Amino acid sequence: MSVRGAWQLKKLVVSYCNWGGSSRGIRAFMESQLPDFIEKNPQLEVVTELNRGYHPLLKGFYKNKNERVVCVKNMTPEDVLQCATRLRNSQGRKVLKLKTRHVTKHPSVQGTWTTDLKITN
Amino acid sequence: MANRRCFQTLTRCLQSIKTLTPLSEAIAPYSAYALNQTIAATPPNYIFVNNADIYQRAAVPTRSFSSRPTDSDDVEEDDEEDYESEEEDDSENEEESVVLSAEDKKIEAAEIGYTVMGPLQKSDRVFKLYEPVFAVVQIGSHQFKVSNGDTIYTERLKHCDVNDKLVLNKVLMLGSQTQTIIGRPILPDAAVHAVVEEHALDAKVIIFKKKRRKNYRRTKGHRQELTKLRITDIQGIEKPENTTPPPPSPKKEKEKKPEKKVAMEA
């Protein structure tokens, strides 16, 4: 995600357990796909953290000081990559229902229509 | 009966081994040897009909292979599917469903959604101040009245990554403070530049179905995949060169110049 060219995801923390079975996918992800992910995203700071006895997590830290934590327990490496890509593709904003699909600060160029408006060629 | 079933499966296995990719041909002789050993031990009353043609159609539909090795170029699009055997002549269908599209096909698919991939940003000064120009642009089946600096949420656009520049081809109308250009139905020379800001999921919508007094209740969650585009530039119309745009007055006369553009592409 980037606002006007500035990437919003600053840091990605990959926390895993080297004993637990729920971390198998993320361990395989770290061996196979994580180096490619890091190469494709040089602006991102990726940290791997060993957290024994807990399920594996992906934590994303955004510029608006928002943290998104995704539990990736029992997921395949491909799913973990998809989760990581989603974190990287998104802004840190809260997931709310969209009010409008078109957000603008200048809604009118030629003047807002009123009933008094008369169009003359 | 169990013996008969075993031999039927054995023949099917032999069939499958013969038709697998060359990697497994090395294994084939060994398994064939094992098969021959078991065949040698058949009871005399079992009529062993090892006719390749007979078992071909019977064996083929039950098999399902894992995904073929796909090209490294197309990471985004590839869905790993189960392909049927090579003996069946579905090569044409396979090519369409495999989505191993070359760059040409990618561009075609992008054009269906009326977007064109541009190069990634490399410290371009793309984000300008607001200009009092608007355009009506169509993406997929949705139309938006768009100006410089606006944000648009569309359905997920494939083939484009975050921080990519897009050119939206299908422009239906352009307008400024003094001029309006209406396309019939599109304006061929107009272009709207946009930058992909985000690929994200919408908030979860719960789809709840209930039929009363019928013991029927279903709950389903759905998150729509959206793309956020920021419009950077509108081309195809003369822009006023004032630093401060004049305040819009409702009784201003507008010159309408409907240019007769024959619809080249339906």
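Chain A holds an open sheet of four strands, in the order β4-β3-β5-β6, with mixed pairing. Strands here are DSSP runs of E with at least two residues, helices are runs of H or I with at least four, and both are numbered from the N terminus. Two strands pair if DSSP finds at least two bridges between them. The model is predicted: local features need pLDDT of at least 70, side-chain atom pairs count only at pLDDT 80 or more, and totals for chains, interfaces and linings use all residues. Residues are numbered from 1 along each chain as its sequence is written, chains are lettered from A in the order in which they are written, and side-chain values use heavy atoms, without hydrogens and water.

Axes are lines fitted to C-alpha atoms, for helices over the stretch in contact, and angles run from 0 to 180 degrees between N-to-C directions.

Now take one pair. Strand β3 (residues 9-16) of chain A runs parallel to β4(A), with six bridges between them. Val14(A) sits opposite Thr48(A) of β4(A).

Helices come next. Helix α1 (residues 24-32) of chain A lies across β3, β4 and β5 (57-62) of chain A, at about 125° to β3(A). Helix α3 (residues 77-89) of chain A also packs on the sheet. Helix α3 of chain A touches β3, β5 and β6 of chain A, and its direction makes about 10° with that of β5(A).

Turn to the partner chain. In contact (heavy atoms within 4.5 Å) are 44 residues of chain B and 32 residues of chain A. The two chains bury about 3300 Å² between them, 48% of it on carbon and sulfur atoms. Buried area is the accessible area (1.4 Å probe) that two parts lose on being put together, summed over both.

Four salt bridges link chain B and chain A. Each is a side-chain nitrogen of Lys or Arg within 4 Å of a carboxyl oxygen of Asp or Glu. Glu225(B) and Arg86(A) form a salt bridge, at 3.6 Å from N to O. On the side of chain B that touches chain A, several strands give two or more residues, including β3 (142-147) and β11 (225-235) of chain B. β8(B) gives the most, with six residues.

Strand β7 (residues 102-103) of chain A runs antiparallel to β4(B), joined by two bridges. Here Val103(A) stands opposite Thr151(B).
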